[in-house]
Amino acid sequence: MTATRFLPAAVVGLILLFLAFPIVVVVVVSFSSATYLTFPPPAFDLRWYSAYFGSEDWLRPTWLSLWVAAATVVLATLLGTLAALGIARLPRALRIVAAGLILSPLIVPVIVVAIGIYYAFSRYGLVGSPIGLVLAHTCLAVPFVVTSVSASLAGIDPRLEQAALSLGATPGGTFFQVTLPLIRPGVLVGALFAFITSFDELVVALFLSGSGAVTLPRRMWDDLRFQIDPTIAAVSTLTIVLTVLLMGCAHLLRRRAERIRTA
Amino acid sequence: MSEAVAHSERGPLARIRVMSGRDARAPKDVASRHAVPLLLAAPLLLFMLVFYALPVATMLMRSVSDPVWSLSHYAGLADDAVFQKVFWNTLYTSVIVTLGALLLGYPVALALVRTRRWAPLILILILLPFWTSVLVRSYAWMVLMGRHGLINEALLAAGLLERPLRILNTPLATQIAMVHILLPYMILPIANALRQIDPSLARAASGLGATPFRTFRQVILPLSMPGVAAGVLLVFVLALGFYITPAMVGGPREITLSMLIAQQVDQLNWGYAATLSAVLLATALAIIAACYRLPGIGNAFRMNTR
């Protein structure tokens, strides 16, 4: 209340404009009728969207990205959720080592991860194959699943599991009927993060895509090297809509889970 | 990527510890108590080992084993003019970007915490770009800063320029776009620290006659420093590894360490690329290790370091 008087709203408004404006410009340009980038656009037109939806060159990478992201979600969520359940009960020393390995992709510069994986995968024929991309993207996505599931696990009242056990439920029954429903929001948030991590990923794809497994970000990158026609703006707008929808879901889920936990 | 890092004010491991304490009381024998958790974690640990840790480690080994076992690659860096130029440029860019993000981020964090009415809108304006991919945001800056981009057209139309300015493909373009991309990583930890300040402290200060500015300078600002430290470290370390953005909007001569690494891999200079990778990784880890004892850092990176 007090210090805002010294930080005029105008300054904050300008900084927020700086944050949001580039995104708005891309969306506006995607609806432009002009062949080159002019702003504001001379007229409203959907031609770049029909160019995108009419081109195999764009649709094929889109489907590949969706498939790779979906497979990454399955693998990362399964492995990550199991690991989060296990890590929570490991002795301290082992827990530190395990968490260090699993979470390290958040800190190791992505170029180092990318060329390391490229170096190994090129020997096993995993370059230019969607399988190689799924394996690599899973490594990048897993930290988000593990942190998200661990957070919901820590929020569970231990008495609920104890009550189920003392009422005669088997450990398996307790897990499926008590623990799993309670951590479901965390698992779901982790899965959404895993999807976006894979769907937006470019640096690993630059090395692993080859010519046989070109993802959508890779296709956009290649296109930007040669020309900037507003088809890219249309593709960008579609991916913005998709990621904002999914991340919005994750954000609301997490907020709701936190509210339930603190209630 | 690391939204989880930014949001880890109370890292998961801190919570995990509480849980295992509870389990420790369970009257079971030690071996079977640890067998099940290990079995649950084993598939992922094995997966990460095979598809991530070993590949990266083997690649890094090339820096000392290519073509024969020696430290000559590292020794060579001492008088490698290209490496030194690129390394200093990477550090310099990271410093500028971190300062820029701090300068622009602090006021927004303050506004986010102080206004009840506008907070949801401010949060949306922060998260909207945050959730958009780095590639799309870099492309957006290409559109804005190009020769016929919006910035040039607007300045020309306003009569402030006679010829279009060259902004795209300059170091300035990289710095602007990187500040834009990393700004949320600065805002969110600072806002978190500000939110944890007891509001009665500010009331006490003004009750004792401090002007609002003095209250800010002597009470709020010092208490928000853990958040500032976390944001600065996060932005700086992430900036060190930037590749896509400088490659797209940056100058052809001011390349970053990540770009040089990619270039060397393209030319199959694995020994040199591995050496550069080791230097990049060591720099990032050294900075995190050096800052780890600062208050607030434990929060930002807790899940990775404890």
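Me: Is A41(B) buried or exposed, and how many other C-beta atoms lie within 10 Å?

Reply: The general idea is to count neighbours, since a residue is buried if 20 or more other C-beta atoms lie within 10 Å of its own. In this predicted model, A41(B) has 27 other C-beta atoms within 10 Å, and therefore counts as buried.

Me: In which helix does A41(B) lie, and which residues does A41(B) touch?

Reply: A41(B) lies in helix α3 of chain B, which covers residues 30–65. Not counting residues up to four places away in sequence, A41(B) touches A83(A), G86(A), I87(A), L90(A) and A98(A). As for distance within chain B, A41(B) and G227(B) are 186 residues apart in sequence, and their C-alpha atoms are 33 Å apart in space.

Me: Which residues is E201(A) in contact with, leaving aside its neighbours within four places in sequence?

Reply: The contacts of E201(A) are with H137(A), L140(A) and P217(A). For H137(A), which is 64 residues apart from E201(A) along the chain, the separation between C-alpha atoms is 7.8 Å.

Me: What span should the 12 residues of helix α6 of chain B have?

Reply: A helix can be checked against its expected span, which is 1.5 Å times one less than its number of residues. For the 12 residues of α6(B), residues 119–130, that gives 16 Å, and the end C-alpha atoms are 16 Å apart, so the two agree.

Me: Which residues of α6(B) are buried, and which are exposed on the other side?

Reply: The buried residues of α6(B) are I122(B), L125(B), I126(B), P129(B) and F130(B). Seen down the helix axis, these buried residues fall within an arc of 135°, so they line one face of α6(B). On the other side of α6(B), P120(B) and L121(B) are exposed.

Me: What covers the buried residues of α6(B)?

Reply: The cover draws on both chains, for it includes α1 (9–30) of chain A together with α5 (81–114), α7 (134–145) and α9 (171–195) of chain B.

Me: How should I read the crossing of α1(A) and α5(B), and at what angle do their axes cross?

Reply: One looks at how closely the axes approach, at the angle and then at the handedness. The axes of α1(A) and α5(B) come within 9 Å and cross at roughly 110°. That makes α1(A) roughly perpendicular to α5(B), since angles of 65 to 115 degrees count as such. The crossing of α1(A) and α5(B) is left-handed.

Me: Which residues meet where α1(A) and α5(B) come together?

Reply: From α1(A), the residues V11(A), V12(A), I15(A) and L16(A) meet L104(B), P107(B), V108(B) and A111(B) in α5(B).

Me: How many helices and strands does chain A have, and how many does chain B have?

Reply: Chain A has 11 helices and 0 strands, while chain B has 16 helices and 0 strands. The C-alpha atoms of chain A fill a box of roughly 70 × 60 × 30 Å along the principal axes.

Me: What share of the residues is buried in chain A and in chain B?

Reply: Buried residues make up 48% of the 263 residues in chain A, and 48% of the 306 residues in chain B. As for contacts in chain B between residues at least 6 apart in sequence, 76% join residues at least 24 apart.

Terms used:
Residues numbered from 1 in each chain as written. Chains lettered and ligands numbered in written order. Predicted model: local features only at pLDDT ≥ 70, side-chain atom pairs only at ≥ 80, totals over all residues. Helix = DSSP H or I, 4+ residues; strand = E, 2+ residues; numbered from the N terminus. Buried ≥ 20, exposed ≤ 12 C-beta atoms within 10 Å, placed from the backbone. Contact = placed C-beta atoms within 7 Å. Arc of directions from axis to C-beta. Axes fitted to C-alpha atoms, helices over the stretch in contact; angles between N-to-C directions. Parallel < 35°, antiparallel > 145°, perpendicular 65-115°, else oblique. Left-handed = near helix turned anticlockwise from the far one by under 90°.
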